[in-house]
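Me: I would like to learn how to read the features of a structure, one at a time. Could you take me through the one shown here?

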Amino acid sequence: MKSIKFCLGSVKLNWISGQITRFNQGTCTLGLNHRALTRTDPQTHQRQHSPLRQILCHKLMASLVGQLVFPFENGYKVWEDQSFIKWRKRDPHVTLHCHDSVEGSLKFWYERNKVDFPVADSAVWNDDAVGGALDSATFWVKGLPFVKSLSGYWKFVLAQNPNSVPVKFYDSAFQDSSWETLPGLDWLSRTKSPSNKLELGRAKVPSNWQMHGFDRPIYTNIVYPFPLDPPSVPADNPTGCYRTYFKYSGKWKGRRILLHFEAVDSAFCAWVNGVPVGYSQDSRLPAEFEITDYCYPCDSDSKNVLAVQVFRWSDGSYLEDQDHWRLSGIHRDVLLLAKPQVFISDYFFRSDLAENISYAYIQVEVKIDNSRETSKDSFLANYSIEAALYDTGTWYKFDGNVDLLSSNVANMKLNTLTSNLGFHGYVLVGRIEMPRLWSAEQPNLYTLVVILKDASGHVVDCESCLVGIRQVSKAPKQLLVNGHPIVIRGVNRHEHHPRLGKTNIESCMVKDLLLMKQNNINAVRNSHYPQHPRWYELCNLFGMYMIDEANIETHGFDLSQHLKHPTSESSWAAAMMDRVVGMVERDKNHACIICWSLGNESGYGPNHSALAGWVRGRDLSRLVHYEGGGSRTSSTDIVCPMYMRVWDIVKIAKDPTETRPLILCEYSHAMGNSNGNIHEYWEAIDNTFGLQGGFIWEWVDHGLLKDGEDGKKHWAYGGDFGDIPNDLNFCLDGLTWPDRTPHPALHEVKYVYQPIKVSFKERTIKITNTHFYETTKEFEFSWAAHGDGCELGTGVLSLPSIGPQSSFDLEWQSGPWYSLWASSSSAEFFLTISAKLLHSTRWVEAGHVISSTQVELPAKREIIPHVIQTTGATFLVENLGGTIRLRQQDFWEIELNAQTGIIESWKVEGVTVMNKGLIPCFWRAPTDNDKGGGAASYFSKWKAAHIDSLLYLSENCRIQNMTDDLVKVAVSFIAVPSDEKGSIPKLEQANTLFQIDIIYTFEGSGDVIVECDVKPNISNLPPLPRVGLEFHLDKSMDKIEWYGRGPFECYPDRKAAAHVGVYEQKVGDMHVPYIVPGECSGRADVRWVTFQSKNGCGLYASIYGDSPPMQMSASYYSTAELDRATHKEELMKGGNIEVHLDHRHMGVGGDDSWSPCVHDKYLVPAVPYSFSIRLCPITRATSGHHIFKSQLQN
């Protein structure tokens, strides 16, 4: 008799009465005599069902099992019992491919591995992605004769709660034709919650139903989206009901059919032809059920009906409190797998390197699913197991047909002497000579093929996967890969698509990896759950170290005063263990994984100790990672803090009692205009033993596409769908926008992560190769010399090949640039050394710049303060009562308001250039980081000090000195807060925050020297956003050229990647469209800048005297507008261009976004400041460079 077991966890069904009885770990069995109804096929050696058996068995099973019901159908809420986590679910295992032959498996990988940078060109982020997801589902099963994708358009209904679902919707006879009546739901604009009425339509599988017009997305970080009352969830629990139909090929006849869900959020149950086949939780791991006995025969005219009921919330949701959008449904593919009666159900590959790496011992543990449950000896009398490695690196070296079988490099044989206690599988061992090792730098891969043969030598079953030979180990304060202490240049990555939510597309995953590799990112942390199976294959291929993380986060329990974290409750132990086991068992063969993570922000307790113990017992080839409990518990092999300050990580690294390496699991929070200070982390990491890098938070802004009131799509964040609770735009914290357009900060990341380092010290240029495996023979080095921003020369830099972890020293005076330096009259001389790829790789074309560093060479002479050379030209001055007008014939004209002290008009050749200026300015539109910290935030302190509402009142404005070719005008301002209505207070009642004295020196040449003295009038002012001058230009002055850092946005604490040079852009292109507007578009260390119209007329501005370089910005959007708008689509362009020239500008920060964390050196204390700038007209006949050079003294 064969027994069909229905594992119910802590629930037992009474099959006679249909009632539910609770007991511990019960099972029920239903006996059926199968042997009398089977025969053996002489060709395939597989058990085949006779026609009589097909008819009788199916009817018998339908009759008996059809009488069974899920426990919840009798009133028991299994989705609110943390001990009931699965029912009839097969044990977790590696991804199965069900090949029919060795040749078929190799051909599958030969085609599947043909993925490189052109694939990313088809990445889509709009409505076209819906079809793209289905195309990917088809591609992922291509070449697999015994795998069928059920992805496509399913019939769907959304009920308000489980009690409202259509009665027996899962039954084969259920009429679902009405479910197609509403196929055209407008998902972008719908934000309603499910009503009492059923929402009908068609749903794409895979997808999240909220992304197709049903229900609403919810974004929350820590707070659960429902009351914290475990294990209960709200009665209003949106419940999705799916139906689809399938048949399978006649070639599947006699095989066992497995129904495989790659991931469903959050809990679900399934029926086939009205028969309940299983229940599962864990929104990010597969659930697999055997459905052989419930399907119609393959030659039947009847279609099989698959019905699925998905609960938005379950007790499992308490373990899934990750910081991301809460979305529901069948969001990964649904597959049918056809396996023989006896098949390979799981396998685990390991390698053990010899000390000299000349060979490696290899081993694979294989599990067999044998429906006849025979002994090992009996099994081996009828079957044999083989395994082999094939070198994929040889497959693409030549065009034309490839003999894939000839790439065999090692065979493994059954080790009958091995007997691991408790292991019921089979162990095969072998040895490979001179293995090509896998690392992120050199991702060499092999194809492992495991074969099951019958006694006649025929292939019964075949499985395969990509494997890498590499060794992960640890030494004092070091994580080692292949014996080397690698450096983690990492990023955290959620699965996120702005149109699809959590559903994946091949080209979009490739796009992520291309951008990461091109920006020197070598590691990814799967935050905070196991991701799509294809993601791991791609990371293996492209070369990306990975921390694979269990789908466990219970952050919201931190807010409870009476509830313990699940890790401290034994009732949650099985559910937590199931998630870790499922992750490890699915992903154990992927070379890219170097650490297993026990989850994220879930406190620390005995359950974590159990999880760590299980992982270490199961897999000694990787390290264990867990940050909870302070990042230094016994359950982690790595000290892995998040957002720890630079000085603190250095302190831990230097602690002699701490023998583990420190790798930041999260750092440099990339929310909006952020990632300041990151270079300081890397100065510490590069120079401190025991620090091995970290993972930036995070990769992508989690904006979702939504129709705006104007009918245009925009990226929405928390609250935009009417979701309550929500955490607003805290989901917008990535290095890229949702469509993977890079933020400017990604340039800085690429720079601090670059593997070729260049430094200049004591007349020596040192070029260091920080790679651990690669030499520089695949790079071409080049140099470029610039004097005062102008290119003086470029060329190829001939260097010997620099070995891994080695340097080459070059005396700077022996370089090819020296003659240019010696003959140049430039005051500043910058040398840039770059390294680019000589050949194309999987992830980028040849010529890609890997590293680029600019160093400043010694000045040839002492730099003398800037002073203009007066021309003696005369001009006309008119005092018109309230206006002082200064002009020189038809060249320039300036009008200054004598009451306000502000320039109201500046014309050049009759064209209006400036229409308002110069105004002192201390305020900036707050960034996300400025707002972080509540009452302690910079923003709160600025508001409390009224820095955001300052008015600048002129105490006096007078002509101080006047000659034929020079006029000096002195203006004294006081900065006072406006009242609550924004009105100007009376001068005698004003609360003065600052005294600002400005002296204008007007020259006949048209030059205006502005000398500014700032004095705080209050002693307890907070650090200031900026100290500088603001003026408004006519909007026609839209061409900007500057000599300073660029070309991209940069700030005082995020400018290492921005080289000093002369750059040109349009005003509109300077703007950085952060989804939530704020301070942006700045350029650091600006020496001079010009603003010109298309006919060349405009204004020049530069530093003057001994004033240091400025922070500059120019925008069509005013500071007030950037502060007002909550979405970038709300921004309204002003009638002019607002320009800021700042003597000092506060850094943007980025250590985190919830505390004031700009480092002290980048703060702007409220102390006296003095600075000068030069302004003058500019025409097409001259240039900013020429004007600047004219004021330099020889």
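Me: Which strands pair over 5 bridges, and in what sense do they run?

Reply: Strand β47 (residues 892–897) and strand β48 (residues 903–908) are joined by 5 bridges in the antiparallel sense; strands pair if DSSP finds at least two bridges between them, and strands (E, at least two residues) and helices (H or I, at least four) are DSSP runs numbered from the N terminus. Within this pair, Glu893 has Lys907 of β48 as its bridge partner. Please keep in mind that this is a predicted model, in which local features need pLDDT of at least 70 and side-chain atom pairs count only at pLDDT 80 or more, while totals for chains, interfaces and linings use all residues. Residues are numbered from 1 along each chain as its sequence is written, and side-chain values use heavy atoms, with hydrogens and water left out.

Me: What is the strand order of the open sheet of 9 strands?

Reply: The order is β45-β46-β47-β48-β49-β54-β61-β60-β57, with antiparallel pairing. Its edge strands, each of which pairs on one side only, are β45 (876–879) and β57 (1083–1086). On average, neighbouring strands of this sheet are turned by 20 degrees against each other, direction ignored; axes are lines fitted to C-alpha atoms, for helices over the stretch in contact, and angles run from 0 to 180 degrees between N-to-C directions.

Me: Which residues of helix α9 are buried, and which are exposed on the other side?

Reply: Buried means under 20% relative accessible area, exposed over 50%, and partly exposed in between, with a 1.4 Å probe and protein chains only. In helix α9 (residues 646–653), the buried residues are Val646, Ile649, Val650, Ile652 and Ala653. Seen down the axis of α9, these fall within an arc of 160 degrees, so they line one face of the helix; the arc is that of the directions from the helix axis to the C-beta atoms. Trp647 and Lys651, on the other side of α9, are exposed. The cover over the buried residues includes β34 (662–667), α10 (678–687) and β35 (691–696).

Me: How should I describe two helices that pack together?

Reply: Two packed helices are described by the angle between their axes and the distance between the axes. For α9 and α10, the axes come within 10 Å and cross at roughly 15 degrees. The two are therefore roughly parallel to each other, a term for angles under 35 degrees, whereas over 145 counts as roughly antiparallel, 65 to 115 as roughly perpendicular and the rest as oblique. Val646, Ile649 and Val650 of α9 make the contact with Glu680, Tyr681 and Ala684 of α10, where contact means heavy atoms within 4.5 Å.

Me: At what angle do α10 and helix α11 cross?

Reply: The axes of α10 and helix α11 (residues 745–753) cross at roughly 10 degrees and come within 10 Å, which makes α10 roughly parallel to α11. Here Ile678, His679 and Trp682 in α10 meet Glu748, Val749, Val752 and Tyr753 in α11.

Me: Where is Ser1155 found, and is it buried or exposed?

Reply: Ser1155 lies in the loop between β61 (1136–1145) and β62 (1169–1178), and Ser1155 is buried, with a relative accessible area of 19%. Although Ser1155 and Asn929 are 226 residues apart in sequence, they are 7.7 Å apart in space, C-alpha to C-alpha. If its neighbours within four places in sequence are left aside, Ser1155 is in contact with Arg645, Gly932 and Gly933.
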